[in-house]
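Me: I've got a new structure to look at. Could you walk me through it?
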Amino acid sequence: MGKYVNLEKDVFSVFDSAAWKAESIKTFPGNFVAMNSGNEFLRVSIIPSGNGINITSISGIIIIDIFTSAGSGPHGSLVIADKLDSFLQGKTLSTTVGSSVQFHSSTMIPKGIEGSLHRASYTIPFNHFGV
Amino acid sequence: MGYASIIDNQLLLAFNMSKDLARFVTFVKKLDVSFNFGTSTVSETPSSITTKILDVKSEKTSRENNITKKTIMFKRKEVGDLTLYDTIIDGGLTWNLGSAAKDNGFIGIVDIYKEL
């Protein structure tokens, strides 16, 4: 596989893990319309928009939109952000030989209320290394 | 008989009285749609409903691609809730649903799309 699919596999392996599923936070990728998502869920988007150290590597950011109930204050989204940090921040993941992704330090931006939900964007830069 | 039942019955009559203006199509509803992060695939369970629809309008656009769009009217009680994953088979051709559907509890109106 190419660098983009390898990157996707490495990142999605986090959300396919038993440890993440045990958190019971509904998680969906971008370009997927969630059904029965409830009032607390995540949407994961991979933005591989930067150069890598070679032609099989790439850098970029992962944006994870955190949706919580509108009007419930910031605490819920911050708790989820801390959980995401424990799975991503500073971690190096690899699911394919010759491919790995390294996450750096995360940031959070509250985006405001959308309908009955509040959206905050959790962002974490990454470097993907391929050989 | 309550008002809702009377309206549904009259609606059924209206679709039948439309004769050849109304036609049978198959709504293929996708149930239990989920995403598997391990395989990066969407899984779904299809379920078909054949019912009559009426065309409200039709238009074609050419921008990045050529798309034909129809607005159709259907009986809400027979079809139920629609999602982006559902499709409509009309005359052997598969149409995709748009992201917005309107209904008043009795009549549903939705845009359907097909690439030319």
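Reply: Let's start with B:Asp32, which counts as exposed because there are 10 C-beta neighbours inside 10 Å (12 or fewer other C-beta atoms within 10 Å means exposed, 20 or more buried, in between partly exposed, with C-beta atoms placed from the backbone). This is a predicted model, where local features need pLDDT of at least 70 and side-chain atom pairs count only at pLDDT 80 or more, while totals for chains, interfaces and linings use all residues. Residues are numbered from 1 along each chain as its sequence is written, and chains are lettered from A and ligands numbered from 1 in the order in which they are written.

Me: Ok, and where does B:Asp32 sit?
Reply: In strand S1 of chain B, residues 22-36. Strands here are DSSP runs of E, at least two residues, and helices are runs of H or I, at least four, numbered from the N terminus.

Me: What about phi of B:Asp32?
Reply: Phi is positive there, about 50 degrees, although B:Asp32 is not a glycine.

Me: Switching topic: how many helices and strands does chain A have?
Reply: Three helices and seven strands, running α-α-β-β-β-α-β-β-β-β along the sequence.

Me: How much of chain A is buried?
Reply: 31% of its 131 residues.

Me: And what span does the C-alpha trace of chain A have?
Reply: About 45 × 25 × 25 Å along its principal axes.
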